[in-house]
Amino acid sequence: MRAEVKAVADRIVELANLGIDPVELGAPTPGTARRHMLASGGWFETQALPRTRPRLLAVVLVVPPLHLL
């Protein structure tokens, strides 16, 4: 699961390096985080920290698939 989260997060960083705003990637959540689904059935949420230099994208929640709980 950790490798899967890292792989998706790395893709988000690659897209950000190409100029795509990571705040617009993923599904919206009730707050300001964005949800990213994993192929295994789980998901994780990221939070953009635009006021930091360099800009950061933090993984704030990881939810494994139900069968792993």
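**Exercise 1: a strand pair**

Strand E3 (residues 43-49) and E4 pair in the antiparallel sense, over seven bridges. Strands here are DSSP runs of at least two residues, numbered from the N terminus, and a pair needs at least two DSSP bridges. This is a predicted model, where local features need pLDDT of at least 70, side-chain atom pairs count only at pLDDT 80 or more, and totals for chains, interfaces and linings use all residues. Residues are numbered from 1 along each chain as its sequence is written, and side-chain values use heavy atoms, leaving out hydrogens and water.

Task: find how many residues lie between E3 and E4, and which residue in E4 is the bridge partner of Thr 46.

Solution: Then look across from Thr 46, and you land on Val 59.

**Exercise 2: a histidine**

Solution: Next, check its neighbours: leaving aside residues up to four places away in sequence, His 36 touches Val 8, Ile 12, Leu 25, Gly 26, Trp 43, Phe 44 and Thr 46 (contact means heavy atoms within 4.5 Å).

**Exercise 3: the segment after E4**

Task: decide whether Leu 68 is buried or exposed.

Solution: Go to the segment after strand E4 (56-63), where Leu 68 lies. With a relative accessible area of 54%, Leu 68 is exposed.

Methods:
Helix = DSSP H or I, 4+ residues; strand = E, 2+ residues; numbered from the N terminus. Buried < 20%, exposed > 50% of the residue type's maximum accessible area, 1.4 Å probe, protein only.
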